[in-house]
Amino acid sequence: MIGISFYLQDPLAEAQINHAANLGVKRAFTSLHIPEEKGDLVKRMIRLLKLSESYGMEIHADVSLKTLNHLGICKFTDLRQLGIKGIRLDDGFDRETVTSLSKVFSLSLNASTLNEDELLAILGSGVEPESLIAWHNFYPRRETGLEEEFFHEQNRIFKKYGIPIFAFIPGAGSKRGPLHDGLPTLEKHRLMNPYAAGVELFQHVDGVYVGDQGTENNLLENLTVYKNLNILSIRMKSQLLQGGQYKLRPDVSQDVFRLQNTRVTANIVPRNTVTRSLGSITMDNDAYGRYRGEIQICRRDLAANHRVNVIGRVIVEDIPLLSLLKPGQSIELLSEGKLSSNDQ
């Protein structure tokens with residue numbers, strides 16, 4: 001599943017909710033204990049929750065022991081009356097409170113900090129694993145996001161008990177303040193193309209949420225197409241290709257991704273038969289005989305071949321997507337303009 005995040009003092013939160021809902025996104029996250037947020041938060045929260053509810057959007061809220069004072073409400077169950085369906089518990093909640101809240105809300109545990117003994121204690125108190133979500137933190141400060149192996153170790157704990165796992169990717173474009181450095185779960189994703197980060201996360205978790213409010217550059221659109229149709233969007237520059245949808249062969253070659261049904265009978269003269277780098281898009285020319293016209297994407301740097309024309313390349317920001325391609329994967333090549341000599 002795909003989710004967005006909105007925040008109470010973001011003036012564009014309404015527009016963000018509208019945009020996501022129109023794409024069919026049905027889940028959203030918000031935090032109810034951000035120290036920097038001031039003002040009449042309850043009224044603002046009610047407005048945003050009513051808007052979300054009008055779209056049938058399910059809202060999960062991050063809460064801590066400070067949330068009640070922060071919002072000026074008496075008890076956590078009051079959040080249910082405001083339209084919040086699920087809560088994600090920060091550290092500090094005792095077992096009795098966790099058990100009681102699980103009877104009212106869809107309950108998310110902190111997947112980044114909870115260990116197996118603590119999880120077993122919660123399950124031993126009567127909370128059913130199917131009523132839980134394991135939800136990772138996001139990390140606003142650079143250099144503090146999770147290390148990848150630790151992330152996988154934590155996930156193994158929750159998968160063992162059949163608990164679904166959610167995590168965050170940074171937004172595209174605008175980032176949440178005050179640091180504006182993105183809100184990823186994994187540190188490696190902080191400066192990565194958020195779409196590539198999302199595709200990678202989908203291979204390990206059940207729910208991917210955009211941590212920041214920014215979803216520019218068709219981030220939600222592309223994630224939705226990937227999740228629903230298994231089509232991976234890749235931006236490229238080419239003198240010849242205008243873009244379009246292709247399918248990779250089901251067999252995996254060591255050096256290149258081969259696009260099915262691209263061979264032609266028309267002549268293709270040798271042209272631009274230069275060194276091929278990772279991400280180069282190529283077409284076999286007449287010298288390759290019956291392979292003439294086959295389009296490939298290079299998986300690694302390759303030497304020049306007089307039988308292979310270089311006709312384009314994947315843009316730098318989308319190179320990480322190549323490592324995520326699967327046999328038989330459908331891809332959508334999106335044209336970002338003509339290939340220049342600086343791009344080769």
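## Aromatic pairs

In this predicted model, the structure holds 12 aromatic pairs. One of them joins Phe29 and Phe168 in an edge-to-face arrangement, with 5.1 Å from centre to centre and 70° between the planes. This pair links distant parts of the chain: Phe29 belongs to strand β2 (residues 27-31) and Phe168 to strand β7 (residues 165-169), 139 residues apart. Both Phe29 and Phe168 are buried.

The pair of Trp135 and Tyr209 has ring centres 4.7 Å apart and planes at 55°, so it is tilted. Because Trp135 lies in strand β6 (residues 132-135) and Tyr209 in strand β8 (residues 207-210), the pair ties together parts that are 74 residues apart in sequence. Trp135 counts as buried, at 0% relative accessibility, and Tyr209 is likewise buried, with a relative accessible area of 0%.

## The aromatic cluster and a charge over a ring

The residues of these two pairs belong to one aromatic cluster, formed by Phe29, Trp135, Phe138, Phe166, Phe168 and Tyr209. The cluster thus includes Phe29 of β2 and Phe168 of β7, together with Trp135 of β6 and Tyr209 of β8.

An aromatic ring also takes part in a contact with a charged residue. Arg176 lies over the face of Tyr7, at 4.9 Å from the ring centre.

Helix α5 spans residues 95-102, and its buried residues include Val98, Thr99, Leu101 and Ser102. These residues lie on the same side of α5, because they cover an arc of only 170° around the axis.

The start of α5 is marked by a contact between side chain and backbone: a side-chain oxygen of Asp94 reaches to within 3.2 Å of the backbone nitrogen of Glu96.

## Backbone features in loops

The loop between β7 and α8 (194-202) contains Pro178, which is joined to Gly177 by a cis peptide bond with omega of about 10°. His180 has its place in the loop between β7 and α8 as well. Although His180 is not a glycine, its phi is positive, at about 55°. With a relative accessible area of 48%, His180 is partly exposed; the value falls below the cut-off for an exposed residue, which is over 50%.

A positive phi is also found at Asn217, where the angle is about 60° although the residue is not a glycine. Asn217 lies in the loop between β8 and α9 (219-229). Its relative accessible area is 60%, and Asn217 is therefore exposed.

## Overall architecture

The protein contains 10 helices and 15 strands. Taken along the principal axes, the box filled by its C-alpha atoms is roughly 75 × 40 × 35 Å. Of the 344 residues in the protein, 52% are buried.

Among contacts with a separation of 6 or more, 76% are between residues 24 or more positions apart. The pair of Phe29 and Phe168, 139 residues apart, is an example of a link between distant parts of the chain. The accessible surface of the protein comes to about 15700 Å², and carbon and sulfur atoms account for 50% of this area.

Methods
Residues are numbered from 1 along each chain as its sequence is written. This is a predicted model: local features need pLDDT of at least 70, side-chain atom pairs count only at pLDDT 80 or more; totals for chains, interfaces and linings use all residues. Side-chain values use heavy atoms; hydrogens and water are left out. Rings of Phe, Tyr and Trp (its six-membered ring) pair if their centres lie within 6.5 Å; planes under 30 degrees apart count as stacked, over 60 as edge-to-face and the rest as tilted. Helices (H or I, at least four residues) and strands (E, at least two) are DSSP runs, numbered from the N terminus. Buried means under 20% relative accessible area, exposed over 50%, partly exposed in between (1.4 Å probe, protein chains only). A charge sits over a ring if NZ of Lys or CZ of Arg is within 6 Å of the ring centre and within 35 degrees of the ring normal. The arc is that of the directions from the helix axis to the C-beta atoms. A polar contact is a pair of N or O atoms within 3.5 Å; within protein, one must be able to donate a hydrogen and the other to accept it, and residues adjacent in sequence count only if both atoms are side-chain atoms. Contact means heavy atoms within 4.5 Å. Accessible areas come from the Shrake-Rupley method with a 1.4 Å probe; for residues, only the protein chains shown count as cover.
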